2 protein chains.
Amino acid sequence: MPNENARPNEFEIINKYFAPLSGSEPGAFKLTDDAAIIDPPTGQSLVVTTDALVAGVHFFTADPAEDIAAKLLRVSLSDLASMGAEPAHYTLSIAVPEDLNSDWFETFSEGLAENQREFGVTLIGGDTVSTSGPLTLSLTAMGYIEKGMGLRRSKAKVGDSIWVSGTIGDGALGLLAVENKLADLSSDDCEYLRQRYRLPIPRTKLGQNLIGNAHAVIDISDGLVADLGHICETSGVGADVQIADIPLSKAANGALAENSALLDLILGGGDDYELLFTTEHSFAAAAEKIAAESGVTLTKIGEITNTGAIRLFDQNGQEHTPRQKGFTHF
Amino acid sequence: MPNENARPNEFEIINKYFAPLSGSEPGAFKLTDDAAIIDPPTGQSLVVTTDALVAGVHFFTADPAEDIAAKLLRVSLSDLASMGAEPAHYTLSIAVPEDLNSDWFETFSEGLAENQREFGVTLIGGDTVSTSGPLTLSLTAMGYIEKGMGLRRSKAKVGDSIWVSGTIGDGALGLLAVENKLADLSSDDCEYLRQRYRLPIPRTKLGQNLIGNAHAVIDISDGLVADLGHICETSGVGADVQIADIPLSKAANGALAENSALLDLILGGGDDYELLFTTEHSFAAAAEKIAAESGVTLTKIGEITNTGAIRLFDQNGQEHTPRQKGFTHF
């Protein structure tokens with residue numbers, strides 16, 4: 001008797017779980033052809049980003065499948081947001097271990113469907129293969145932006161203001177909360193942080209609103225200091241940051257009050273997926289309106305300098321040297 | 001003392017081995033930004049395909065790294081060829097096990113560079129992550145085709161002639177040769193078959209030349225019968241194939257002479273990456289010229305029917321039922 005809940009085969013996975021996700025894009029051919037054929041909008045540039053997630057490295061194998069789907073898609077959408085692009089399509093490759101059954105694919109594809117609706121993207125292709133190793137996912141997201149208007153990391157100018165969206169450090173603290181390492185924090189705060197870690201919010205609308213307003217933009221995936229470092233390195237500038245100005249959530253403030261050593265995790269930890277960007281000083285006048293239109297708070301945290309270095313200052317004006325430099329994938 | 005030949009870290013891999021591969025595409029920003037920004041040619045459609053390869057499933061871990069690079073790129077280029085597209089860009093995600101060292105990355109990236117030059121494509125992005133499992137590669141290839149001219153699997157018509165490029169069965173026989181299971185064959189023939197398995201030749205030029213000439217096109221990756229089945233299923237037709245007309249290499253003919261049971265492997269085995277296509281009868285008059293222009297032989301092997309089934313006939317007109325249905329990835 002066949003096992004009702006065994007791992008489905010490659011064609012079943014594609015036909016039953018993935019093909020319906022391509023439904024709204026005729027050029028995906030319901031995933032029945034060798035490739036998708038897409039007509040980019042006239043006068044627009046194509047923005048392309050690829051991200052891979054591996055079980056045991058980027059998520060936990062036992063995480064709910066809909067969370068894995070959400071994180072996979074949102075991490076790439078965050079990259080598109082940092083260029084100011086409007087998301088459109090994605091392809092997905094999935095290397096499947098023996099122990100994933102039909103239920104898992106059902107839940108995973110439902111998670112993709114829900115996030116597709118929320119962010120207006122469509123699956124247009126991919127590959128499903130077997131692996132003796134951990135579940136491995138790779139997603140290539142495509143979006144569009146008016147020609148010549150793409151936001152970049154490398155355009156920061158000396159004297160620019162440095163801004164961030166939302167709150168910083170929740171991603172890294174959320175991982176601690178998932179691991180039950182924030183024992184002194186209320187269960188509500190822990191749950192808030194866990195949610196921030198599990199379900200990043202790509203700042204798509206903000207990215208689009210920063211076109212014409214920001215000089216340099218990056219999404220915070222490696223950590224505030226590391227990603228500011230990427231801006232400084234590619235732009236050939238330095239940066240001064242006022243630590244007291246970095247926006248923290250109520251939960252992050254609570255965790256920091258319990259353990260001040262967590263500051264370096266907040267400065268260096270990854271997975272926030274907020275946007276970090278530099279602007280003219282005059283942006284301050286427009287910031288509130290853009291924040292409201294983008295559905296996220298915006299906070300100025302420092303200035304771009306000609307020092308070639310990143311300096312972090314505490315509220316006494318003393319320079320602070322964080323111990324943690326940022327997340328590397330290995 | 002640091003191990004000179006240890007696995008390099010993520011940033012070293014990207015900067016040293018992958019960034020140079022993006023050099024000819026300014027919109028790849030030397031892989032230093034969150035995404036690439038590409039301007040699709042005016043009036044062209046974007047063709048996108050994603051393929052994943054896993055060590056132990058699609059290649060052997062001990063295979064030369066340049067062969068893995070070549071196969072990875074060529075498998076996707078074959079998908080683009082089957083749509084008639086001109087290849088342009090690709091992104092690469094790579095999940096890296098502990099035991100891959102700098103030498104491996106050096107050789108792998110040289111293999112990519114060589115194939116980029118040969119096929120006119122450029123790396124524009126990707127992701128490098130760690131895995132506790134086998135080396136896992138996912139490649140998304142992008143190409144362009146004049147709007148509305150993309151070739152499809154689903155356009156076969158009853159009465160069409162069925163054609164294939166090159167020779168059939170070499171891929172599957174090549175895998176046997178790699179496994180030293182073709183003991184009776186000459187070492188030259190074995191080496192020829194091994195090479196055909198290791199180094200598929202995407203029929204890019206042929207695909208482009210089939211625009212306006214072919215009704216339905218697919219590349220043979222799952223096997224002749226399975227891929228003809230994909231054409232029949234998506235087109236709603238059947239097919240009659242004359243087995244004696246299927247073009248075989250000298251080496252495949254030799255293997256078949258030694259063991260007639262290998263016929264079913266030739267009919268059902270995958271990895272040939274030749275194009276299988278259907279045309280009007282009148283295509284025969286143009287075939288030789290198109291073959292010469294495309295640098296590959298073309299052979300008519302049967303006809304599209306209204307039977308809804310694939311029938312294979314031997315030289316006595318008897319129907320042959322193969323035992324092997326084609327390659328599934330698990």
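These notes walk through some points to look for in the predicted model above.

1. **Before you start.** Residues are numbered from 1 along each chain as its sequence is written, while chains are lettered from A and ligands numbered from 1 in the order in which they are written. This is a predicted model, where local features need pLDDT of at least 70 and side-chain atom pairs count only at pLDDT 80 or more, whereas totals for chains, interfaces and linings use all residues.

2. **Two domains in chain A.** Start with chain A, which is divided into domain 1 (10-146) and domain 2 (161-320); such bounds come from an automatic or database domain assignment. The C-alpha centres of the two domains of chain A lie 27 Å apart.

3. **Where the domains touch.** In chain A, 15 residues of domain 1 are in contact with 17 residues of domain 2. Two residues are in contact if their C-beta atoms, placed from the backbone, lie within 7 Å. On the domain 1 side, α2 (65-83) and β3 (86-96) of chain A each supply at least two residues. Those labels stand for DSSP runs numbered from the N terminus: helices are H or I with at least four residues, and strands are E with at least two. α2(A) gives the most to this side of domain 1, with eleven residues. By class, the residues on the domain 1 side are seven nonpolar, three polar and five charged. Here Ala, Val, Leu, Ile, Met, Phe, Trp, Tyr, Cys and Pro count as nonpolar, Asp, Glu, Lys and Arg as charged, and the others, Gly among them, as polar.

4. Now find α7 of chain A, residues 224-235. This helix has twelve residues and reaches 16 Å from its first C-alpha to its last, close to the 16 Å expected at 1.5 Å a residue; the expected span is 1.5 Å times one less than the number of residues. Nine of the twelve residues of α7(A) are buried, so the helix is largely enclosed by the rest of the structure. A residue is buried if 20 or more other C-beta atoms lie within 10 Å of its own, exposed if 12 or fewer, and partly exposed in between, with C-beta atoms placed from the backbone. Among the buried residues of α7(A) are Leu224(A), Asp227(A), His230(A) and Cys232(A). The partners of the buried residues in α7(A) are β7 (214-219), β8 (238-242), α9 (263-268), β9 (275-279) and β11 (310-313) of chain A.

5. **Two crossing helices in chain A.** Helix α5 (residues 187-198) and helix α8 (residues 250-258) of chain A have axes that come within 9 Å and cross at roughly 115°. Axes are lines fitted to C-alpha atoms, for helices over the stretch in contact, and angles run from 0 to 180 degrees between N-to-C directions. From α5(A), Asp189(A), Tyr192(A) and Leu193(A) meet Lys250(A), Ala251(A) and Gly254(A) of α8(A). This contact holds three nonpolar, one polar and two charged residues.

6. **A helix pair in chain B.** In chain B, helix α4 (residues 170-178) packs against helix α5 (residues 187-198) at an angle of about 115°, with the axes 7 Å apart. The residues involved include Leu173(B) and Val178(B) of α4(B) and Leu193(B) and Tyr197(B) of α5(B). Seven nonpolar, two polar and three charged residues make up this contact.

7. **Two positive phi values to check.** Most residues other than glycine have a negative phi. Asp271(A) has a positive phi near 70° and is not a glycine. Asp271(A) sits in the loop between α9 and β9 of chain A and is buried, with 23 other C-beta atoms within 10 Å. Asn180(B) also has a positive phi, about 55°. Asn180(B) lies in the loop between α4 and α5 of chain B, and with 9 C-beta neighbours inside 10 Å Asn180(B) counts as exposed.

8. **Where the chains meet.** The contact takes 54 residues from chain B and 54 residues from chain A. On the chain B side, the elements giving two or more residues include α1 (10-18), β2 (44-54) and β7 (214-219) of chain B. β2(B) provides the largest share, nine residues. The chain B side divides into 20 nonpolar, 23 polar and eleven charged residues.
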